[in-house]
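Hi there,

Here is the structure I promised to pass along. Have a look at it first, and then read my notes below.

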Amino acid sequence: MAASSTSALFASALPSRKRLPPLTQQQNFNQYFKTISLSHFPLKGDFTASVAFNPSGNFDLTFADGGDESQVAPPPPPKEGRFEIILDNDAIRRLDLSPVHCMVGRTSVASDGHLPEPKKLLERTVGFTISYEREDPLDPRELSEFPDIRLWFVRLDAAYPWLPVVLDWRAGELARYAAMLVPHQMSMRLGVIFNPEALEIFVLNKVFIVYSWLKQHNVPKPKLKTSDMARMLGFGIGDDLFDLIDAQSLHPS
């Protein structure tokens, strides 16, 4: 099969914003998963939906349409007293999650991801200090562009998939975390521009995980907290989706 034909087949299998895969009873993702960037702003012409942030982790929901938008402002300072995960080259190279285990008072990863005091994590929040020495001091890449750093975050996300909800959102940690896991491009003017479909899948996956995790630990207002997390990345979640999750709840194995 020609390369162009293979590419066409692969592209047709991917979800798009104009043609979404049907759900049971011909329902559509948009009924439950409403993208603020597309549903609430009438736009004309070509544009790219993006969540942009500077290297410190700040983000700004914007549209790249060739205008003269200025760069995003620096993020607020880290929340006082937050838990700090400190990474260096050695931990990243060895896929060592011990800095995270120490933060949550564990020496190994539990199969159910259970935490002794999840409410304390939510109150104090969590942030990252990445002390990464580049082989070439003049390497212009951002941290989210280094494959070894991204691989460490993939490992982290597999072990603690609920972690985004306890991050220090205001300081940009949620946007930086997403950049480690979601395909994106870098812009000198806007920062990171996420692949829109990949970001949708990432956010929806986290909604399922986080909402169930909050309910499991009896955290007050789990719908509101989960919706706030999604909104930080530019997405609004309808109540119908939470109703479906509640009706088909899964019990940890």
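**What I found**

The largest nonpolar core holds 55 residues, and F128, W152, F153 and L156 have the most contacts inside it. Here, a nonpolar core is a set of buried Ala, Val, Leu, Ile, Met, Phe, Trp, Tyr and Cys residues joined through side-chain atoms within 4.5 Å. Helix 9 (residues 196-216) gives the most to this core, contributing 10 residues. Helices (H or I, at least four residues) and strands (E, at least two) are DSSP runs numbered from the N terminus.

A word on the source: this is a predicted model, where local features need pLDDT of at least 70, side-chain atom pairs count only at pLDDT 80 or more, and totals for chains, interfaces and linings use all residues. Residues are numbered from 1 along each chain as its sequence is written, and side-chain values use heavy atoms, leaving out hydrogens and water.

Now to F128, which sits in strand 5 (residues 126-131). F128 counts as buried because its relative accessibility is 5%, with buried meaning under 20% relative accessible area, exposed over 50% and partly exposed in between (1.4 Å probe, protein chains only). Beyond residues up to four places away in sequence, F128 touches W152, F153, L156 and R176, among others; contact means heavy atoms within 4.5 Å. R176 is 48 residues from F128 along the chain, yet their C-alpha atoms are separated by 9.5 Å.

W152 also touches residues beyond four places in sequence, including I85, L95, V100 and F128.

Finally, L151 belongs to helix 7 (residues 147-159) and is partly exposed, at 47% relative accessible area.

Best wishes
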